[in-house]
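Dear colleague,

Please find below the structure that I am handing over to you. My findings follow directly after it.

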Amino acid sequence: MFKKYTALFRMRFVNGLQYRLAALAGISTQFFWGFMEILLYRAFYQANAEAFPMEFPALVSYIWLQQAFLTLYMSWFFEGEIFDAIISGNVAYELCRPLNLYAFWFVRSVATRVAKAALRCFPVLIVAFLLPEPFRMRLPVSLPVFLLFLATMVGALLLTVSMTMVIYGLTFFTMTPAGLRMIFLSVADFCAGSLVPLPFLPDRIKAILELLPFASVQNLPFRIYSGDIAGMGILRGVLLQIFWIVAMVMAGVLIFRAAMRRVCVQGG
Amino acid sequence: MKLYFKYFSLHLRSAMAYPASFWMTFVGQFVTAFSAFLGIYFLFDRFHAVEGFGFQEVLLCFASVMLSFSFCECFFRGFDRFPALIGNGQFDRILIRPRGAVFQVLVSQMEFSRLGKFAQALFVFCYAIPTCGVEWTLPRILALCGMLLGGVVIFFGLFLFYAGASFFTIEGLEVLNIFIYGGREFGSYPAVVYGKAILRFWTFVIPMAMIQYYPLLFLLGRTDSIWNAISPLATLWFLLPAYVFWRFGLRHYRSTGS
């Protein structure tokens with residue numbers, strides 16, 4: 001039972017590793033972005049260091065982690081093939097397989113993201129550790145913190161994918177037009193802290209956003225890494241993340257089940 | 001010119017054939033630009049100023065770059081999608097028609113939904129102009145127009161480089177996206193914010209600073225130098241290598257055959 005899915009993961013993973021040239025372009029983009037963001041925040045830091053809500057090195061680590069794992073957590077990334085399958089009706093073929101469709105697409109999405117990130121994260125991280133100050137990325141605060149960081153990274157990946165699965169599921173009903181998706185994605189991106197890290201937002205807005213599922217994605221592990229979230233904050237964050245994963249997976253499975261009951265393949 | 005408007009109305013009508021879908025994408029673009037604005041708003045809510053530039057002053061910079069960029073994204077879409085035009089052999093058809101290639105690529109696509117970004121930037125622009133504390137005199141208004149037009153020139157030049165590169169790579173050279181999208185993203189703040197090295201890069205390699213930092217100083221009355229006022233003109237120099245590169249690519253074009 002489990003073997004099917006590991007085989008599937010391996011297949012998509014190897015497939016994803018093919019795009020090495022694209023990864024190279026991606027890496028150079030991410031370096032440029034990382035540098036520019038650090039320079040920008042440094043200017044703000046120099047303007048008013050007291051108003052700065054994080055330690056500066058913690059922000060630098062946040063930015064490099066964000067650039068290194070961009071492809072792991074990007075909320076705007078959907079698999080075109082899955083949308084095509086739903087809209088064109090090719091999903092009928094997928095349903096013939098002796099696999100659960102939700103699990104099948106879930107594993108597939110995880111594999112694609114991991115493959116993309118595996119190609120890109122190491123060059124970015126290695127260089128980020130070697131850079132001169134103020135660009136250098138720090139080591140994690142301690143070993144337990146690092147392990148918690150890894151655990152929440154995995155949780156964040158599961159959460160992102162389970163959120164995209166909800167969108168796929170809804171596509172069965174609405175054939176979602178691109179515009180609606182775009183609105184949702186810009187909002188999600190903002191709430192996840194990928195435009196501006198959440199600590200920089202006003203306190204009241206931050207307090208609300210931190211409860212939403214988007215904040216349990218990159219915001220949580222990246223801030224645990226540098227010690228910006230510590231102590232009870234970690235416990236709260238992990239519990240919230242687990243809650244959202246369970247909620248999103250349940251929502252996704254229910255939507256898929258409802259969709260399967262009334263799936264009607266449009267000819268062709 | 002008449003022919004251009006003919007194409008213009010064609011594209012407009014085809015976009016309006018599905019009004020719901022069009023407006024949805026339009027709003028989507030609007031929201032995307034709006035979240036970029038929110039990012040700036042919240043940062044200034046906390047820090048009030050950066051490198052001596054206040055919120056409204058940075059907004060003027062953000063809005064003018066965004067206006068130029070979204071204008072280019074809408075009307076020069078053909079160059080943005082140029083790799084596809086080469087890949088499917090459509091470009092061969094363009095070459096046998098008795099009109100310039102640049103003109104035909106220009107009219108091959110227009111993406112009006114990108115004007116959603118334009119609309120958002122226009123709102124911000126209208127807010128920033130009266131509140132940024134500039135006393136509007138004729139030279140300053142001209143410099144502002146220069147900023148907008150210069151921005152269009154730069155992004156057009158970048159798109160031309162991008163299209164020119166795809167004569168050789170067929171796929172398009174993604175590295176150039178760094179400057180196209182990086183220019184939009186980081187052009188929101190006056191170039192000096194990023195330090196000397198970046199300012200030099202944005203001055204001598206890709207003249208982004210010529211359409212924001214230098215003329216902005218003139219607008220805000222921090223310098224009366226005529227050079228700052230006419231710095232947007234310097235972007236025209238950028239168009240020259242871009243056009244030469246495009247011609248060079250065109251001469252070496254070999255059809256993909258499909």
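I begin with one pair of helices in chain A: H3(A) and H7(A) are roughly antiparallel to each other, because the angle between them is over 145 degrees. Please keep in mind throughout that this is a predicted model.

**Helix packing in chain A**

The angle between H3(A) and H7(A), the latter covering residues 101-130, is about 155°, and their axes are 8 Å apart. Their crossing is right-handed. On the H3(A) side the contact is made by Trp64(A), Gln67(A) and Ala68(A), which meet Arg120(A), Cys121(A), Val124(A), Leu125(A) and Ala128(A) of H7(A). Sorted by class, these residues are 6 nonpolar, 1 polar and 1 charged.

H3(A), which spans residues 56-68, also packs against H2(A), with the two axes coming within 9 Å and crossing at roughly 160°. H2(A) is therefore roughly antiparallel to H3(A). Here, too, the helices pass each other in a right-handed crossing. From H2(A), the residues involved are Gln30(A), Trp33(A), Gly34(A), Glu37(A), Ile38(A), Tyr41(A) and Tyr45(A). Their partners in H3(A) are Phe56(A), Leu59(A), Val60(A), Ile63(A), Trp64(A) and Gln67(A). This contact comprises 9 nonpolar, 3 polar and 1 charged residues. Trp64(A) and Gln67(A) take part in the contact with H2(A) and also in the contact with H7(A).

**Chain A as a whole**

Chain A contains 12 helices and 0 strands, and its pattern along the sequence is accordingly α-α-α-α-α-α-α-α-α-α-α-α. Its radius of gyration is 20 Å, close to the 18 Å that the globule rule gives for 268 residues, so chain A is as compact as a globular protein of that length. The C-alpha trace spans about 65 × 40 × 35 Å along the principal axes. Of the 268 residues, 40% count as buried. If one takes the contacts in chain A between residues at least 6 apart in sequence, 83% of them join residues at least 24 apart.

Is Pro221(A) buried or exposed? Pro221(A) has 25 C-beta neighbours inside 10 Å, and it counts as buried because the cut-off is 20 or more. Pro221(A) lies in helix H11 of chain A, which covers residues 219-225. Apart from neighbours within four places in sequence, Pro221(A) is in contact with Phe149(A), Thr152(A), Met153(A) and Ala156(A). Tyr93(A), by contrast, is 128 residues from Pro221(A) in sequence and 38 Å from it in space, C-alpha to C-alpha.

**The contact between the chains**

How many residues does each chain bring to the contact? Chain A contributes 27 residues and chain B contributes 30 residues. On the side of chain A that touches chain B, helix H2 (20-47) and helix H9 (178-192) each supply at least two residues. H2(A) gives the most to this side, with 11 residues. By class, the side of chain A that touches chain B has 21 nonpolar, 5 polar and 1 charged residues.

**Chain B**

In chain B there are 14 helices and 2 strands. Buried residues account for 43% of the 258 residues. Of the contacts in chain B between residues at least 6 apart in sequence, 76% join residues at least 24 apart.

One helix pair in chain B may also be of interest to you. Helix H9 (residues 138-169) and helix H10 (residues 175-186) of chain B pack at an angle of about 160°, and their axes are 10 Å apart. H9(B) and H10(B) are therefore roughly antiparallel to each other. H9(B) passes H10(B) in a left-handed crossing. Phe155(B), Leu158(B), Phe161(B), Tyr162(B) and Ala165(B) in H9(B) face Leu176(B), Phe179(B), Ile180(B) and Gly183(B) in H10(B) across this contact. The contact has 8 nonpolar, 1 polar and no charged residues.

With kind regards

Key
Residues are numbered from 1 along each chain as its sequence is written. Chains are lettered from A and ligands numbered from 1 in the order in which they are written. This is a predicted model: local features need pLDDT of at least 70, side-chain atom pairs count only at pLDDT 80 or more; totals for chains, interfaces and linings use all residues. Axes are lines fitted to C-alpha atoms, for helices over the stretch in contact, and angles run from 0 to 180 degrees between N-to-C directions. Helices (H or I, at least four residues) and strands (E, at least two) are DSSP runs, numbered from the N terminus. Angles under 35 degrees count as roughly parallel, over 145 as roughly antiparallel, 65 to 115 as roughly perpendicular and the rest as oblique. A crossing is left-handed if the near helix is turned anticlockwise from the far one by less than a right angle, and right-handed if clockwise. Two residues are in contact if their C-beta atoms, placed from the backbone, lie within 7 Å. Ala, Val, Leu, Ile, Met, Phe, Trp, Tyr, Cys and Pro count as nonpolar, Asp, Glu, Lys and Arg as charged, and the others, Gly among them, as polar. A residue is buried if 20 or more other C-beta atoms lie within 10 Å of its own, exposed if 12 or fewer, and partly exposed in between; C-beta atoms are placed from the backbone. The radius of gyration is taken over C-alpha atoms; the globule rule is 2.2 Å times the number of residues to the power 0.38.
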